[in-house]
Amino acid sequence: MKKILVIGANGFAGRRILDKLSSNGECEVVGCSLHPDIQPGEKHTFVRVDMNDYPAVEVLFDHVCPDVVINCSALSVPDYCEQHREEAYAINVVAVENLAHCCEQQGSRFIHLSTDFVFDGKSDRLYTEEDMPAPLNYYGLTKYQGEQAVARNCRNYAVARVVVVYGKALPGQHGNILQLVKNRLEAGQEIRVVSDQYRTPTWVADIADGVEKLVYSGNSGIYHICGGEYLSIAEMAYRVADYFKLDHSLICPVTTEEMKEATPRPRNSGLSIDKAKLELGYRPHTLEEGLREMA
């Protein structure tokens, strides 16, 4: 039975991964977070550890002796990262490098979650795993540096890049853009959404499925684990309104220039999933299938 350590297990993707691996009966799963378990259960154990406390992390590895480590922990708000660079670098780069060292010393497989924001969005096609990153903002830069730290220090690893993760959040978790759209429209409030930024939105359950496949794969490298539909943020909002029969007129599409975001975002950062489909048998759900659980 594999021993799996899920870091960032209170987070949106981390909790879904923890629950999926705990429920299959084939793994002994330990969740880890800076804060107490938001949903205690009998199928996993939980440990509180600060990923920036490197001696504590080493003790955790010695105690758990994981076969696989899945890192979902990150500082992922671009505006915050831009304004708090030292903190972003510590969490997204230094802590990841330390985890990679621990995995290599322990002989653990390391699965690390990353982002489409490693790209500048200037491509006229979906990005593949072979395309060279060129981040537009500090968040994207730290995530790219984290990817490099994993590849530099681990022989047995997989980097899973995800995009605009959505789904039903648990109490204590941050929401997501599609949940925000639904909540605002249900409350009769207008919402401004960007019409000229394109993504491949990812249902959080598909991330858990893709990561589970990577747990049992012997392949190392980068994999794009995201949705198969290439949509603008505005198109996503209209699809939410359609699915839940909410008022379209409350959606206000604006350009990137009109949105006046403090931190630049890539225009077109959709990711190709051909490699994950071919090598892992990964098959993501449609947007509407993912929205169903938010009903």
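Predicted model: local features only at pLDDT ≥ 70, side-chain atom pairs only at ≥ 80, totals over all residues.

Reader: Which residues of H4 are buried?

Author: First the general idea. An α-helix has 3.6 residues a turn, so residues three or four places apart point the same way. Now the case here. The buried residues of H4 are Ala 88, Ile 91, Asn 92, Val 93, Ala 95, Val 96, Asn 98, Leu 99, Ala 100, Cys 102 and Cys 103.

Reader: How many Å should H4 span, and how far apart are its ends?

Author: H4 covers residues 85-106, which is 22 residues.

Reader: Where does H4 bend?

Author: At Ile 91, by about 30°. Ile 91 is also one of the buried residues of this helix. Look just past the end of H4 as well: Gly 107 has a positive phi of about 75°.

Reader: Now the sheet. What is the order of its strands?

Author: Strands of a sheet pair through backbone hydrogen bonds, either parallel or antiparallel. Here the pairing is parallel. The sheet is open, has 7 strands, and runs in the order S3-S2-S1-S4-S5-S6-S11.

Reader: Which strands stand at the edges?

Author: Strand S3 (45-48) and strand S11 (221-224). Each has a single partner strand, so one side of each is left without a neighbour in the sheet. From one strand to the next, the twist averages 20°.

Reader: How many bridges join S1 to S2?

Author: There are 6 bridges between S1 (residues 2-7) and S2 (residues 27-33), and the two strands run parallel. Find two pairs on the screen. Lys 2 stands opposite Cys 27 in S2. Ile 4 stands opposite Val 29 in S2.

Reader: Is S2 enclosed or open to the outside, and what shows it?

Author: Count its buried residues. In S2, 6 of the 7 are buried, so the strand is largely enclosed by the rest of the structure.

Reader: And S6? How many of its residues are buried?

Author: In S6, 6 of the 6 residues are buried, so S6 too is largely enclosed by the rest of the structure. Now look at the side chains. Tyr 157, Val 159 and Arg 161 point one way, while Ala 158, Ala 160 and Val 162 point the other way. All of them are buried.

Reader: How does S6 pair with S5?

Author: In the parallel sense, over 6 bridges. In that pairing, Ser 114 stands opposite Arg 161 in S6.

Reader: Which strands does helix H5 lie across?

Author: Helix H5 (residues 138-153) lies across strand S5 (109-115), strand S6 (157-162) and S11. The helix runs at about 160° to S5.

Reader: What should I look for in loops?

Author: Most residues other than glycine have a negative phi, and most peptide bonds are trans. Val 164 has a positive phi, near 35°, and is not a glycine. Val 164 sits in the loop between S6 and strand S7 (165-166). Lys 245 is not a glycine either, and its phi is positive at about 55°. Its loop runs between helix H8 (233-244) and strand S13 (251-254).

Reader: Is Lys 245 buried or exposed?

Author: The cut-off for exposed is over 50% relative accessible area. Lys 245 has 75% relative accessibility, so it counts as exposed. Compare Gln 173, which counts as buried because its relative accessibility is 14%.

Reader: What is Gln 173 in contact with?

Author: Leave aside neighbours within four places in sequence. Gln 173 then contacts Asn 10, Gly 11, Phe 12, Arg 15 and Ile 38. Gln 173 itself is in the loop between S7 and helix H6 (177-186), whereas Gly 11 is in the loop between S1 and helix H1 (12-23).

Reader: How far apart are Gln 173 and Gly 11 in sequence and in space?

Author: They are 162 residues apart in sequence, yet 6.3 Å apart in space, C-alpha to C-alpha. Now take another pair. Gly 11 and Gly 140 are 129 residues apart along the chain, and their C-alpha atoms are separated by 19 Å.

Reader: What does UniProt list for residues 3-294?

Author: An unreviewed UniProt entry gives "domain: RmlD-like substrate binding" for them. Over that range the chain is 40% helix and 18% strand.

Terms used. Residues numbered from 1 in each chain as written. Heavy atoms only, no water. Pairing = 2+ DSSP bridges. Helix = DSSP H or I, 4+ residues; strand = E, 2+ residues; numbered from the N terminus. Axes fitted to C-alpha atoms, helices over the stretch in contact; angles between N-to-C directions. Contact = heavy atoms within 4.5 Å. Expected span 1.5 Å × (residues − 1). Bend = angle between axes of the 7 residues up to and from the residue. Buried < 20%, exposed > 50% of the residue type's maximum accessible area, 1.4 Å probe, protein only. UniProt positions renumbered as here; feature names shortened; annotations may be inferred.
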